Amino acid sequence: MLSVSIFSKIPQFFLLKLKSMEPLVQYNPRTVEEVFRDFKGRRAGLIKALTSDVEEFYAQCDPEKENLCLYGFPSEQWEVNLPAEEVPPELPEPALGINFARDGMQEKDWLALVAVHSDAWLLSVAFYFGARFGFDKADRRRLFSMINDLPTIFEVVTGIAKKQVKERSTVSNHSSTKSKSNSKSHPGMQVKHAKASQPKREEEEGVLEEEDEEHGETLCGACGDTYASNEFWICCDICETWFHGKCVKITPARAEHIKQYKCPSCTNKRARP
């Protein structure tokens, strides 16, 4: 059995939390790009907890348990656990006791509150790395600019991000909008089997460019990232939210056999006891 003295010789900073199920690997983001990649991974995990995995997250936040925190990891995984025992902790800690408010407010309000605190935690971790490794003014500005280009977790969870995209797309092409509402996969995938003369192909290429411009700001309802034409997307027939196929575990082949697709949130919408 390893003694505490042995663990005390291992720099805690190089280990992802010992109490978690994450692998014990060296992790030491030192550049702006590496810190941003760390931020995106943790953010994706937190969004997953509050959207596609919300049933499991809700169940784990039992108000009868001790003070619990929601952690996001660079591997895009999440965990509900007790806070770190070391004082001060090696990394900034998330909001404490998120489980206590679960049954005292409406679920959507509680999730929004957890989302706000998660946004604050992500920023604190990112700028902790920046301070630790001596980012100068230009590096800090660049890091914040990269972070600020992404919707916040609060915006994704509450649907504000989706509303903002719709407002920016009000002057969109009517035909491409119709294509979007009537198909399960993303419009960018609809022309891959086109067989026509050269002028028609050129015309379709122009349509593709317009669609890329229109849907470039479409956000995945699970991870919050923007649309890319080389990725498979699927739209929920209930809430009309778009998702990366990989985020909701739907492949193009499987989508062909789905008559009406319901996203995890719409599937799980039912009255809470």
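Six is the count of salt bridges in this predicted model, where a salt bridge is a side-chain nitrogen of Lys or Arg within 4 Å of a carboxyl oxygen of Asp or Glu. Side chains of opposite charge can pair when their charged atoms come close. Residues are numbered from 1 along each chain as its sequence is written, and side-chain values use heavy atoms, with hydrogens and water left out. Because the model is predicted, local features need pLDDT of at least 70 and side-chain atom pairs count only at pLDDT 80 or more, while totals for chains, interfaces and linings use all residues.

**Salt bridges**

- Asp38 and Arg42 form a salt bridge in which the closest N and O atoms are 2.7 Å apart; both residues lie in helix H2 (residues 32–50), 4 residues apart, about one turn of the helix. Helices (H or I, at least four residues) and strands (E, at least two) are DSSP runs, numbered from the N terminus.
- Asp38 and Arg42 are both buried, a word that stands for under 20% relative accessible area, with exposed meaning over 50% and partly exposed in between (1.4 Å probe, protein chains only).
- Arg132 and Glu90 meet through their side chains in a salt bridge of 3.7 Å, N to O. Arg132 lies in helix H4 (residues 107–132) and Glu90 in the loop between strand E2 (78–81) and H4, so the pair ties together parts that are 42 residues apart in sequence.
- Arg132 counts as partly exposed at 42% relative accessibility, and Glu90 also counts as partly exposed, at 26%.
- Asp139 and Arg142 are joined by a salt bridge of 4.0 Å, N to O, and both belong to helix H5 (residues 137–148), where they are 3 residues apart, about one turn of the helix.
- Glu33 is linked with Asp139 and Arg142 in a network of salt bridges.

**Nonpolar cores**

- In soluble globular proteins, nonpolar side chains tend to be buried together. A nonpolar core is here a set of buried Ala, Val, Leu, Ile, Met, Phe, Trp, Tyr and Cys residues joined through side-chain atoms within 4.5 Å.
- The largest nonpolar core has 36 residues, and Leu50, Phe57, Leu70 and Leu143 touch the most other members. The elements that give two or more residues to this core are H2, helix H3 (54–60), strand E1 (69–72), E2, H4, H5 and helix H6 (153–158), and H4 gives the most, with 9 residues.
- A second, separate core of 18 residues includes Tyr227, Ala255, Cys263 and Cys266.

**Phe36 and its contacts**

- Phe36 lies in helix H2 and is buried, with a relative accessible area of 14%.
- Leaving aside residues up to four places away in sequence, Phe36 touches Leu143, Met146, Ile147 and Leu150, where contact means heavy atoms within 4.5 Å.
- Phe36 and Leu143 are 107 residues apart in sequence, yet their C-alpha atoms are 6.8 Å apart in space.

**Packing of H4 and H5**

- The axes of H4 and H5 come within 11 Å and cross at roughly 150 degrees; axes are lines fitted to C-alpha atoms, for helices over the stretch in contact, and angles run from 0 to 180 degrees between N-to-C directions.
- H4 and H5 are therefore roughly antiparallel to each other, since angles under 35 degrees count as roughly parallel, over 145 as roughly antiparallel, 65 to 115 as roughly perpendicular and the rest as oblique.
- The contact is made by Leu123, Ala126 and Phe127 of H4 together with Arg140, Leu143, Phe144 and Ile147 of H5.
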